[in-house]
Amino acid sequence: MKRLVLFVLASALIVTSCGGRQESDLKNVDPRVDSLLNIMTLDEKIGQMVLFTSDWDVTGPTIREGYLDDIRSGRCGNVFNAYTVDYIRELQRVAVEESRLGIPLMFGYDVVHGHKTIFPIALGESCSWDLDLMRRSAAASAAEAAASGLNWTFAPMVDISVDPRWGRVSEGAGEDPYLGSLIAEARVKGFQGDDLADPLTVLACVKHFAAYGAPVAGRDYNTVDMSERQFREFYLPPYKAGVNAGALSVMTAFNEYDGVPATGNAYLLKDILKGEWNFQGFVVTDYTSINEMVHHGYARNDAEAGVKAVNAGVDMDLQGEVYFTYLRGLVESGIVSERTIDEAVRRILNVKEKLGLFDNPYLYCDSAREKEVVSDPEIKALSREVARKSMVLLKNNGCLPFDRGDRIAVIGELAASRRDLLGSWKAAGEWDDMSSILDAVRAYNGPANVIYAEGCRKMGDDRSGYAAAMDAVNKADKVLMVIGEDWDWSGEAASRTDIGVPGVQSELLRLIASTGKPVAVVLLNGRPLVLEEESKDADAILEAWYPGTMGAEAVTDVIFGLYNPSGKLTMTFPRNVGQVPIFYYEKNTGRPIYLPSEKYKSRYLDSPNDPLYPFGYGLSYTQFKYSDLTLSSSEMKKGSTIEAQVTVTNTGKWAGEETVQLYIRDMVGSVTRPVKLLKGFEKVILAPGESRKIKFVIDEDMLAFWRHDMTFGTEDGDFRVMVGGSSSDLLQTAFSLVP
Ligand code: NOJ
């Protein structure tokens, strides 16, 4: 039967193999890689292109049993979902001592926002706009992971998304390609450090290539369809930034691009990634995504899917068993060329060499280092710092910060939850020793000053706890209500059509608010939520995301004013789900609204166009005033620069940190341009009353775009410059680009 499949494929596919596309040459390949390649059997080569899950953890639908035998026979060269030095050392021993060539295994895992010490989810962390902090958190996660025996993380996830129905927005850096690119770079550099062979760094994997964040209707794994212009301008830049930062692995996406599944898409993998970008690493599939090309209707069976994947430039098959099962026959019958296999294996071995595994296969297997590094108090302290800086104060009418010693009613199932603080990719994170928000508030405020009542669950319509909650509220001076989504309601396969706060949590909030007691809401969630009602009922709202291992302490720091919140949204919060997709870099259209009541304009009849909380927005316990936006010249000559300057003043009573944002609009182009695009930002700490002049250099790169003829560059003409503390509250001025 297998022979028959191969015969049919031979006639159908031989023409498509390689497709005449030229991959980049690998540079600086260690001679050991080629010597090894020369003595490898075809099975051993294909083994390097195989990645199987261990039975230690499960992150997808199937588990192959017997992978140890495959390691021994050289037919499985890489393992994921395994950690701890003891366990990994044993698997590595089998590879090194019991397989014919002793080629070391590479060990991957989803260390997405922490390994043992969990950091805030990536979307939350992006709201810090603090690139160095994100680099440091990735470096700390890498250190813990590497000390646990791992040498490869399936991160960073850099998918741009403008659709909060899609649960995986929690894993990315929000909606903006410029900020997303800087964050991709910071995270890759954090994970990989300066030297991949440093046993405290891991190989990064930029994912999911490409445009996975744009599924139709926000439903995970759904079809993606967009213009090449949209793709290149808004979706591709963060992947490119990750590759340019040195990431040596890239994971394909589950979706299709231009009708071709990403895992069989030579345009993406060969032309763009390995061609235009000269990517030097290897491409791994997402979980069984070669096999899924059959469901996509792009291949008749797994073998055909395998041919399409390998010829499109996929070097490694994650869990699909397609390369494992079919590649040998496909090569032997001439359908896939052995050169294609050699190219993939060279890429993979080259990375193993760079990881230092050829010099020492047990480089990452040091039990003493594991003890010392994993859960190091310094990493925990960093996790607390990142969590504080990730939180976004969405509303505050003076209710926050609380005073120590206030009698506080703490309400909500989520207030007492530990697991929910970690979010969906918890890696090796454990929650037994963590504090819940309730624990941390009690510890800081004194148990006698805290009255807890669950009130309601995070899901469902059980109202039986309302009475106890109201009783607690009546006994207290102030209320802290923790509401949001279950940890499993964002992340992979967690799309929602209703992105409101689930269950009866908001109903109870309204009841509590009706008592007139000041109510501060802390939100735990993985996506922008619809908060129209909550924003009226609550006196203060602190978006805490899923803040990680030290999240409870960090929430306490903020609500008691030990830290003045400084986070700014990196994704727009809509007023209602009907506005989705919604993002700040929309276009003006031919019928923008100027007057509130006009008809025949680009508007809704039943909702304003603007969001509830825009991109770049976030409050502080102090206030910042912007003034005197000036440019060094009203003309910028091509190839030169001009300078924008603005004065920022802290007019409040607290020292605070502000993120000063620069946006530019190209007024007229050969194609229409967005009403604004983020082009720079600077974080500044100001004491009460202090003023600072902030300068931005504007250069031609900031004005470049994909012009009508699909060349990338600038066009002469007028530009608007906007500066402020949120995408919707900006001072503006203008200049012209001249020849
Ligand atoms: C599927 C997810 O899409 C991907 O992000 C992850 O890295 C793999 N599973 C492996 O767990």
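At what angle do helix H13 (residues 302-312) and helix H14 (residues 322-332) pack? The angle is about 80°, and the two axes lie 9 Å apart. That makes H13 roughly perpendicular to H14. Angles of 65 to 115 degrees count as roughly perpendicular, under 35 as roughly parallel, over 145 as roughly antiparallel, and the rest as oblique. Axes are lines fitted to C-alpha atoms, for helices over the stretch in contact, and the angles run from 0 to 180 degrees between N-to-C directions. From H13, the contact is made by Asp-302, Ala-303, Gly-306, Val-307, Ala-309 and Val-310. From H14 come Val-322, Tyr-323, Tyr-326, Leu-327 and Leu-330. Contact means heavy atoms within 4.5 Å. By class, the contact of H13 with H14 has 9 nonpolar, 1 polar and 1 charged residues. Here Ala, Val, Leu, Ile, Met, Phe, Trp, Tyr, Cys and Pro count as nonpolar, Asp, Glu, Lys and Arg as charged, and the others, Gly among them, as polar.

This is a predicted model, in which local features need pLDDT of at least 70, side-chain atom pairs count only at pLDDT 80 or more, and totals for chains, interfaces and linings use all residues. Residues are numbered from 1 along each chain as its sequence is written, and side-chain values use heavy atoms, with hydrogens and water left out. Helices (H or I, at least four residues) and strands (E, at least two) are DSSP runs, numbered from the N terminus.

Now take the overall layout. The protein is divided into domain 1 (2-71 + 82-369), domain 2 (379-579) and domain 3 (624-738). These bounds come from an automatic or database domain assignment. The C-alpha centres of domain 1 and domain 2 lie 36 Å apart. Across the two, 47 residues of domain 1 are in contact with 43 residues of domain 2.

H9 brings Phe-231, Arg-232, Glu-233, Phe-234 and Tyr-235 to the contact, and H10 brings Pro-237, Pro-238 and Tyr-239. These residues divide into 6 nonpolar, no polar and 2 charged.

Next come some covered side chains. Lys-274 sits in helix H11 (residues 266-276). Lys-274 counts as buried because its relative accessible area is 0%. Buried means under 20% relative accessible area, exposed over 50%, and partly exposed in between (1.4 Å probe, protein chains only). The side chains of Lys-274 and Asp-315 are joined by a polar contact of 3.0 Å. A polar contact is a pair of N or O atoms within 3.5 Å; within protein, one must be able to donate a hydrogen and the other to accept it, and residues adjacent in sequence count only if both atoms are side-chain atoms.

Gln-48 lies in helix H3 (residues 42-48). Gln-48 is buried too, at 4%. Beyond residues up to four places away in sequence, Gln-48 touches several others, including Met-40, Ile-103, Met-316 and Lys-352.

His-115 is in the loop between strand S3 (106-109) and helix H6 (122-126). At 1% relative accessibility, His-115 counts as buried. Leaving out residues up to four places away in sequence, its contacts include Tyr-83, Glu-144, Lys-426 and Gly-429.

Helix H22 (residues 551-559) is mostly covered, with 9 of its 9 residues buried. Its buried residues pack against helix H17 (377-390), helix H18 (437-445), strand S14 (478-484), strand S15 (519-524) and strand S16 (540-543). Just after H22, Gly-561 takes a positive phi of about 75°.

Most residues other than glycine have a negative phi, and most peptide bonds are trans. Ala-493 is not a glycine, yet has a positive phi of about 55°. Ala-493 is found in the loop between S14 and helix H20 (505-513), and counts as exposed at 55% relative accessibility. Tyr-600 also has a positive phi of about 55° without being a glycine. Tyr-600 is in the loop between H22 and S17, exposed at 63%. The peptide bond from Phe-209 to Ala-210 is cis, with omega near 5°. Another cis bond joins Val-580 and Pro-581, with omega about 0°. Pro-581 lies in the loop between H22 and strand S17 (624-631).
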